[in-house]
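Here are my notes for you, written as a colleague would jot them down. Keep the 3D view open while you read.

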Amino acid sequence: MSSNTRPRILFIDDEPRILLSLKAMFRNDYDVETAVGGAAGIEQIKAQDFDVIVSDQRMPDVTGVDVLRAARELRPRSVRLLLTGYSDLTAIIGCINEGEIFRFISKPWGNTELRATIAAAVAAADVVPPLNQPPTPAPAGSKPGASGVALLILDEDAASRSQLKRTLENDRVVYEAGSVDEALEQLATHPIGVIVTELVVGGEVLTQLLGALRQHHPALVVVVLTSHADAGHSITLINQGQIYRLLLKPVSESVLRGTINIASRRYEMLQQHPEQIQRAAPEPLRAPPPAQRLGLLARIKRVLMA
Amino acid sequence: MLRRIIVAVAMVMALAVLGLLMYRTQAQPLDLRRHNERLTQLERVLELEAAVDQDIARARLALDAEPPGLEQAQQRLAEARQQLRQGWMPRERLAPEIDGPVREYFRHADEKSAALERYRAELQQFFAAFGQLRKQADPVLTVLASDQYTALRRRVMTLLGDLTTYSIQSRPINGPEIAELQGAISSEARGLPPAALQTVDRLLASADAVRSTKDGLQDRMQELLALPTTPALERARRNYHENHARTEASTARYRKALAIYASALLLVFALGGWRLRRSYAELDGANAHLEELVDVRTQELRKALDEVRSQQAQLIQSEKMASLGQLVAGVAHEINTPLGYARSNVETVREGLPAMRSVFDAYDALLPLLPASQAEALLGQLQAARKVWDPVERVEEADVLLADAEHGLVQIADLVMSLKDFSRVDRSLTERFDINQGLETALKICQGHLKSRVEIRREFGELPLVPCAPSQLNQVFLNLITNAAQAIDGAGWIQLSTREVGDAVEISIADSGCGMDEQTQAHIFEPFFTTKDVGKGTGLGLSIVFRILEDHHGSIEVRSAPGQGAEFIIRLPTAREAPAQPRAAPIASVAQDDELLPPVPAISGI
């Protein structure tokens with residue numbers, strides 16, 4: 001991408017009026033291309049390079065998840081967003097894990113927010129991912145080279161924790177935490193690269209905590225392994241936490257190992273290329289958190305800045 | 001049927017046997033009277049026989065006249081015999097061993113009567129003879145009064161004495177002496193004068209007559225006594241006694257049998273009665289038990305029914321929520337898409353308005369620079385056009401209109417969001433929830449019910465976040481607010497108050513509606529209880545509320561009186577523990593490997 005050309009954005013939706021609307025909104029600032037329907041979108045992606053690709057989820061021919069998965073394979077540099085009126089959990093998890101999307105945008109959108117989101121996406125797209133990365137992870141079960149990356153397991157259920165630890169500790173150092181406070185302690189005292197966490201700990205949904213963690217520990221790779229997932233929280237996890245993977249319990253051992261290995265490599269990559277963090281920057285925390293959380297955030301800050 | 005017949009026959013037979021035995025034993029008293037009569041008759045005959053025999057014997061002692069008792073005794077005997085005949089020879093004969101001797105007796109009795117008649121006749125002859133003798137004795141003794149005939153006289157005296165003895169004795173043994181004495185007298189008397197001799201001869205002749213009649217009498221008497229009347233009668237009596245004893249014995253046997261039979265029968269009846277009683281008792285017990293059982297079963301059934309009803313209610317509710325979720329999902333998507341571009345377009349156009357304005361301004365600035373000749377026509381057009389659409393006013397107006405449109409679209413978006421929030425189709429999670437926010441959402445959904453007639457009063461306190469299933473709590477609030485609104489006829493108010501009490505949150509939803517009586521209050525949380533018109537309400541609302549709060553370990557109570565509104569007070573614990581949820585194992589068992597989730601594809605982009 002050359003600096004004298006404007007950023008290129010592709011909007012994909014089955015409703016032409018949406019596309020018209022978006023085009024009217026963004027054509028002053030960007031090179032806007034539109035595609036009616038998922039198949040046409042994939043064709044466009046194959047034909048041209050884009051900085052940002054925004055797709056609707058519910059389309060009659062190809063779903064948004066499929067479009068974004070294809071986009072990730074075809075154009076790894078492109079930053080992917082989902083613009084949708086309504087999505088079920090499966091679609092959202094698919095977008096997180098397979099589409100590695102940057103943001104979810106809800107219809108109807110506010111123009112201001114959308115502009116900000118697109119601008120963030122364009123900024124993320126400025127960072128070219130390292131292409132020399134080995135494309136495939138080591139097969140599950142083999143000894144990976146990821147042993148240097150320490151892992152933290154956060155789950156209030158001790159049985160779950162120990163089971164996870166048994167599965168994962170062969171390849172790496174594994175720390176455990178049964179509560180948020182313990183997790184913060186562990187993060188403060190050990191160089192942890194990957195965190196595997198339940199979504200609900202102590203009756204509390206950790207979306208905000210994870211968002212805050214990412215604000216202060218941008219290189220931390222977050223894998224959420226939960227039995228409590230729902231669509232709303234998943235969207236928040238991506239938009240504010242930029243979590244790396246979202247897995248539903250129960251998960252097969254091989255999938256878990258594979259996921260953790262990839263996550264570890266991602267952490268190493270981020271260590272080597274700190275600028276890549278930009279590609280996974282979460283939204284800045286908007287609403288000031290409730291008073292009771294201030295103490296916690298202050299603590300996070302203290303712990304992580306130290 | 002057969003069994004019944006058998007039982008009936010057995011009963012009849014048992015009663016028949018009983019009757020027979022009764023007859024056998026009850027027939028006796030009549031017989032007993034006759035038996036006593038017979039014995040009396042017999043005894044009397046025997047007694048009279050003896051009396052007659054005695055009189056006969058006594059008659060021997062009489063020398064000049066028959067004793068008066070004999071005839072009377074004979075008379076009485078005849079009567080007694082007559083009675084005996086009636087009693088002992090009834091039309092139906094008695095047993096032969098009795099009848100025989102009786103008949104024998106009567107035969108002998110007849111003979112005896114005849115013999116007795118004869119005896120009495122001879123007795124008269126004897127008396128006559130003896131009288132003759134006595135009459136002739138005096139002249140003889142007178143003749144022999146002189147001393148010379150003293151020996152003869154003595155002999156005559158002896159003869160007279162001997163004859164008297166002879167007459168009195170039952171078996172006279174001095175017959176030969178008398179004959180000798182007579183011979184001596186007649187030989188001695190030869191010496192007497194002829195007159196004296198004549199008298200002596202006459203005396204001797206009388207003596208012979210006395211002796212012969214006495215002998216005849218003796219024979220008659222022997223004959224009489226030889227008649228075996230008494231033995232026959234006694235045999236009859238003995239046989240009769242034996243017979244009676246036998247009858248008695250058999251009756252006694254029957255009686256004994258009757259007693260035993262009756263006892264047995266009684267025992268059988270008692271057994272039957274006992275069994276019947278026991279059956280009744282069992283039946284009573286069974287009845288009581290049955291009632292108990294029925295009660296228990298009814299209770300169980302009622303409980304089960306309630307359970308089923310409440311499950312049904314829940315099922316209906318969850319089904320309703322699920323379909324509502326589906327609906328909302330579809331509607332949300334369908335609305336959100338047009339809403340998306342409509343809102344965006346309005347914003348975009350509005351954003352363009354200042355630019356448009358500046359374009360107009362630029363044109364306005366250009367106008368005076370135009371040459372007048374060319375400008376005339378254009379200016380006229382422009383003026384006309386500006387009269388219709390004034391750029392300054394109209395752009396401002398457009399801005400206002402678009403702002404309103406945007407406002408309306410934002411409102412629609414909010415409503416869709418509320419619907420989505422309310423149904424929470426995409427939010428199943430138990431989370432910490434802002435109750436005040438939930439109440440606001442419910443109020444927004446309820447707008448239709450409330451309109452402007454109901455004033456909403458809020459008294460929201462500062463609340464901690466409450467762990468709950470927000471969609472369910474929204475349901476609770478919605479149901480309660482809807483009910484409150486429906487309870488208000490015309491204008492009124494609904495007051496929503498929240499406050500923190502200890503480690504719980506208290507939410508009060510009060511209304512100025514019609515209220516309810518205590519009886520209604522007792523039932524409002526039951527499924528399918530409704531005060532609304534048929535078809536207006538399902539009667540599920542408050543039961544769902546109750547169930548949801550139960551699931552949240554919370555509580556609800558109602559305070560109300562007819563005409564004084566109602567207040568529902570909800571308490572929810574704010575304890576950190578969320579309602580229990582089953583914990584999933586983090587890792588699937590090996591058998592399920594790779595089936596539940598496809599492996600995450602390899603990441604190539606980083």
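What follows is a set of numbered points, starting with the ground rules.

1. **Ground rules.** This is a predicted model, so keep in mind that local features need pLDDT of at least 70, side-chain atom pairs count only at pLDDT 80 or more, and totals for chains, interfaces and linings use all residues. Residues are numbered from 1 along each chain as its sequence is written, chains are lettered from A and ligands numbered from 1 in the order in which they are written, and side-chain values use heavy atoms, leaving out hydrogens and water.

2. **Chain B at a glance.** Chain B has 14 helices and seven strands; helices (H or I, at least four residues) and strands (E, at least two) are DSSP runs, numbered from the N terminus. Of its 606 residues, 37% count as buried, where buried means under 20% relative accessible area, exposed over 50%, and partly exposed in between (1.4 Å probe, protein chains only). Take the contacts (heavy atoms within 4.5 Å) in chain B between residues at least 6 apart in sequence: 77% of them join residues at least 24 apart.

3. **The chain A sheet.** Five strands of chain A make an open sheet in the order E2-E1-E3-E4-E5, with parallel pairing. Two strands count as paired if DSSP finds at least two bridges between them. At the edges sit E2 (31-36) and E5 (103-106) of chain A, each pairing on one side only. From one strand to the next, the twist averages 20°. Look at E3(A) and E4 (residues 79-84) of chain A, which pair in the parallel sense over four bridges; here Ile53(A) stands opposite Arg80(A).

4. **Asp56(A).** Is this residue, Asp56(A), buried or exposed? It counts as buried, because its relative accessibility is 0%. You'll find Asp56(A) in the loop between strand E3 (52-55) and helix H3 (64-74) of chain A. Its side chain makes a polar contact of 3.4 Å with that of Lys107(A). (A polar contact is a pair of N or O atoms within 3.5 Å; within protein, one must be able to donate a hydrogen and the other to accept it, and residues adjacent in sequence count only if both atoms are side-chain atoms.) Leaving aside residues up to four places away in sequence, Asp56(A) also touches others, including Asp13(A), Thr84(A) and His333(B).

5. **Helices in chain A.** The axes of H1 (residues 16-26) and H5 (residues 111-125) of chain A come within 12 Å and cross at roughly 70°. Axes are lines fitted to C-alpha atoms, for helices over the stretch in contact, and angles run from 0 to 180 degrees between N-to-C directions. H1(A) and H5(A) are therefore roughly perpendicular to each other (angles of 65 to 115 degrees; under 35 is roughly parallel, over 145 roughly antiparallel, the rest oblique). Leu22(A), Met25(A) and Phe26(A) of H1(A) meet Asn111(A), Leu114(A), Arg115(A) and Ile118(A) of H5(A). Elsewhere, H9 (residues 231-241) of chain A is mostly covered, with nine of its 11 residues buried. Just after H9(A), Gln242(A) has a positive phi of about 45°.

6. **The cores.** Which residues touch the most other members of the largest nonpolar core? They are Tyr105(B) and Tyr119(B), in a core of 62 residues. H4(B) gives the most to this core, with 17 residues. A nonpolar core is a set of buried Ala, Val, Leu, Ile, Met, Phe, Trp, Tyr and Cys residues joined through side-chain atoms within 4.5 Å.

7. **The chain B sheet.** Five strands of chain B form an open sheet in the order E2-E4-E5-E7-E6, with mixed pairing. Its edge strands are E2 (454-460) and E6 (555-560) of chain B, and the twist averages 15° from one strand to the next. Helix H14 (residues 541-551) of chain B packs on the sheet, touching E6 and E7 of chain B, and its direction makes about 140° with that of E6(B).

8. **Strand E5 of chain B.** All eight residues of E5 (residues 504-511) of chain B are buried, so this strand is largely enclosed by the rest of the structure. E5(B) pairs in the antiparallel sense over eight bridges with E4 (residues 492-501) of chain B, and eight bridges also join E5(B) to E7 (residues 566-573) of chain B, again antiparallel. Follow Ile507(B): it stands opposite Thr498(B) and opposite Ile570(B) in E7(B). In the hairpin of E4(B) and E5(B), with two residues between the strands, Gly502(B) takes a positive phi near 60°.
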